[in-house]
Amino acid sequence: LDEDHRIISINQAAVQLFLTTPAAEGKIFSSEKYEPDMSRALLDAKEHGHAEFTALVNESKYLFNISSIEADDMIYGIVILAFDVTEQAHAEQLRRDFTSNVSHELKTPLQSIIGSAELIENGIVQPQDMSRFVGHIRKEASRLVKLIEDIIRLAQLDEGNQLPVEEVSLLALSNEVQEILNYASEEKNVKIFISGDNGKMKGIQSLLFELVYNLVDN
């Protein structure tokens, strides 16, 4: 654009984005589709040299980058660049979801460890039950370590490496989940029952454990 916001040059991609035609060159730039953000960004670019904003176009996300062209403290025009940032936005959403899920998964065993430790600290646990509570803390701490290892493995998977697949006993896995959640369930007057044979399947044991654990915990 020139200093009066007339279009000096516009490419085919911008023609489609701004719903105009190549014949728009020489005419005042109009962007009703992106108002009031565009007008505000053009004003900011004139005052500060640069501005940007994002907008949804159909199902895509675009970043509009607006910069003023200056020489000898005079503004001679403005350049508007549009970048399709849909993939980056999707990746950022996945990162936020992953962070949220990881926080939840790490918090669960930590809360269990803290709960058991507080009972021991306050002298509520009977001597005959001490080994059971200490064992519970150990198992939850081990699960926490496994979760951290899984996060590292997921990072490796993101780099193209595969997580190890092995034969997993669903009965043994379910018994482990029951043992870990037994105290929490008793507090809420809930009993966990397991039935079935020692069915086995190929899978990633730590992830299968989290799947069963979350289902029962919920």
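How far apart are the end C-alpha atoms of helix H3, and what should its 36 residues span? This is a predicted model, so a word on ground rules comes first: local features need pLDDT of at least 70, side-chain atom pairs count only at pLDDT 80 or more, and totals for chains, interfaces and linings use all residues. Residues are numbered from 1 along each chain as its sequence is written, and side-chain values use heavy atoms, with hydrogens and water left out.

Back to H3, which covers residues 86–121. Helices (H or I, at least four residues) and strands (E, at least two) are DSSP runs, numbered from the N terminus. The expected span of a helix is 1.5 Å times one less than its number of residues. For H3 that gives 52 Å, and its end C-alpha atoms are 52 Å apart, which agrees. Its buried residues (under 20% relative accessible area; exposed is over 50%, partly exposed in between, with a 1.4 Å probe and protein chains only) include Val102, Glu105, Pro109 and Leu119. After H3 comes Gly123, with a positive phi near 75 degrees.

Here are two residues side by side.

The side chain of Ser68 makes a polar contact of 2.9 Å with that of Glu70. Such a contact is a pair of N or O atoms within 3.5 Å; within protein, one must be able to donate a hydrogen and the other to accept it, and residues adjacent in sequence count only if both atoms are side-chain atoms. As for Ala13, its C-alpha atom is 9.0 Å from that of Ala82, though the two are 69 residues apart along the chain.

Now the inside. A nonpolar core is a set of buried Ala, Val, Leu, Ile, Met, Phe, Trp, Tyr and Cys residues joined through side-chain atoms within 4.5 Å. The largest has 22 residues, and Tyr34, Met38, Phe53, Phe64 and Ile66 have the most contacts inside it. Helix H1 (12–17), helix H2 (37–48), strand E1 (50–57) and E2 each supply at least two of its residues. A second, separate core of 9 residues includes Val168, Val177, Leu181 and Val212.

Leu181 turns up again at the largest pocket, as one of the residues nearest its centre. That pocket is lined by 20 residues, and H3 gives the most, with 7.

Note on methods:
On a 1 Å grid over the protein atoms alone, a cavity is a set of points where a 1.4 Å probe fits but cannot get out, and a pocket is an open set with protein on both sides within 12 Å along at least five of seven lines; lining residues have an atom within 4 Å of a point.
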